[in-house]
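Student: Hi, could you walk me through this model?
Tutor: Happy to, let's have a look.

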Amino acid sequence: MVGLQQVIEPGTQRLLTSVFLFVALAQGWNIIGGYTGYASFGQVAFFGLGAYAAAVLMTSYHVSFWIAMPAAVLFGVAFAVAIGVPLLRLRGHYFAIATLGAAVGAQEVITNLTPITGGGGGITIPTFGAQAPTAYFGKPGFYLAFLILAAASVALATVLSRSRFGYSMVAVHQDEDAAAAMGINTTWVKVIAFGVSAAIVACAGAFYAFQQIEFYPTDVFDANFTVLMVIMVVIGGSGTVIGPLVGAVGLELLSQFLRVNLGTYNQLIFGAIIVTVVILFPQGVVNFFRDAVRTRQFSILDNVRRYRL
Amino acid sequence: MIAAPAVADATPILEVRNLSRRFGGLWALRDVSFSVPEGQIIGVIGPNGAGKSTLVNLITGHLRPTSGQVLIGGNDLTGARPWVIAHDRVARTFQIVKPFRGLTVRENVAIGAMHGHDRDHSVREALATADELLSLVGIAQHAKATPSQLNIADARRLELAKALACRPRLLLLDEVMAGLRHQEIDAAVELIHRLRESGITIVAVEHVMQAIISISDRVLVLHHGSILAEGPPRQVLADQRVVEAYLGHRYAKRSTR
């Protein structure tokens, strides 16, 4: 993968760059939604805030990207902690709706803080000449940047999932009362998981902002980002490291393939495929195959029956 | 058997003072006071709805009391969060078993060793601790199974192993014998005995009284949220009010109507 940016044609490069972005986003969502079991439907808030934090710092304060990016991560984490402390007391649908609301709120604030953010008119990061705080990476540069981001998010998820903290996230997911009775500070576990999840997504937002150069609140607060993160994790297999990876790579490639080859109806077919996969593998593709190999039951029909309500 | 040390000035490991909890208009527990000296087995019995589980939940921080105090080793931990209580070496089982379904039996137990008092610092150490405890409770052969593959007796043993993994000095058992057959009850009684001999103080809540009464140093009878009787098992069993609460339940209900 590394070095490939020198050889491959620009179209493929752009495709792979967006695959890497979604791998990072899916891994980020999986920490809170998959492992910890708190399905956040406002994850795009961290993406948008990360993008705007980096862009504002670079544009108005001429801060280098390498300072603006970690600052954007901290900003995302701070927002996650601020909304996480009250919202993580809610469970299930209530948490989902509350986070959705928080994301809408965040977008509104950014859109209306015109003096700082440029408001609905968007923001443009200077990338040329003496005005540019950091030289633009160019297409191959961003290919590499998003590849590293994706690899780092997979590595982080792997380390977390095997740590004591990883076990506490799973315990909180499966039974919060039992987890607390066994000495797990469930409040902390949830807030930290939400913070880590936000850090990955905000970091991706900062890179995305720099890559786009010019963008509007509606671009980086687009709810489709959240929806895609959720779908990729659920289809791939939540609560695993491989699941979001498979889901992000599979769905992003599929979506691009359909867009190129099917024209008008690509979204419809894409939707139909997602619905079919969710019906056939409600627990995610990776979880299905792991269990199938262990129990030697490969029947998809049985699987559908097992998870049917 | 260890004779319970009856030192008068020793701080009780658990002291409950005037503990009450109201749910809406119903007092699930009202003005309950008792203390548990270190090294004893206390049996808490009572008919359904007597407030037994509420009592356990109030002690372990899963519920906050409406009034009253819970002291653990002399420290006031009233209303403290469950993990604070757990870190003070108080562990519990749940009446309705609460396994982590996505984890193996072994990992379930390891969670306690990772997060309870004096925790293991690596996942590997915690898994080793878990293996020892699975042998102790007698389900080592199911280490790699998932909790859903266990029968009710083994699921209760898992619940016990999870609590022991937190390295408790005080263990609260919420109906660990419910639904077990005679042989399984004998095994559980024998296990509780061994735990006490290893130095753990035990408060055992049971609906079925015969088994627990045989190993308890003292028995507490809860009825309608209050203590109906308290004392050595033999004395409590002979108490007319206790007999009524259990055997004459239906009769008593009819006569109050």
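Tutor: We'll start with chain A and then turn to chain B.

Tutor: This is a predicted model, where local features need pLDDT of at least 70, side-chain atom pairs count only at pLDDT 80 or more, and totals for chains, interfaces and linings use all residues. Residues are numbered from 1 along each chain as its sequence is written, while chains are lettered from A and ligands numbered from 1 in the order in which they are written.

Student: How many helices and strands are there in chain A?
Tutor: Chain A has 15 helices and two strands, counted as DSSP runs (helices H or I, at least four residues; strands E, at least two) numbered from the N terminus.

Student: And how much of chain A is buried?
Tutor: Buried residues account for 47% of its 309 residues; buried means 20 or more other C-beta atoms, placed from the backbone, within 10 Å of the residue's own.

Student: What box do the C-alpha atoms of chain A fill?
Tutor: Roughly 65 × 50 × 35 Å along the principal axes.

Student: Switching to chain B, what is the strand order in the open sheet?
Tutor: The order is S2-S1-S4-S5, four strands with antiparallel pairing; strands pair if DSSP finds at least two bridges between them.

Student: Which strands stand at the edges?
Tutor: S2 (26-36) and S5 (75-76) of chain B do; each has a single partner strand, so one side of each lacks a neighbour in the sheet.

Student: How many bridges join S1 and S4 of chain B?
Tutor: Five bridges, between S1 (residues 14-23) and S4 (residues 67-72) of chain B. In S4(B), Gln69(B) is the bridge partner of Arg17(B).

Note on methods:
Buried ≥ 20, exposed ≤ 12 C-beta atoms within 10 Å, placed from the backbone.
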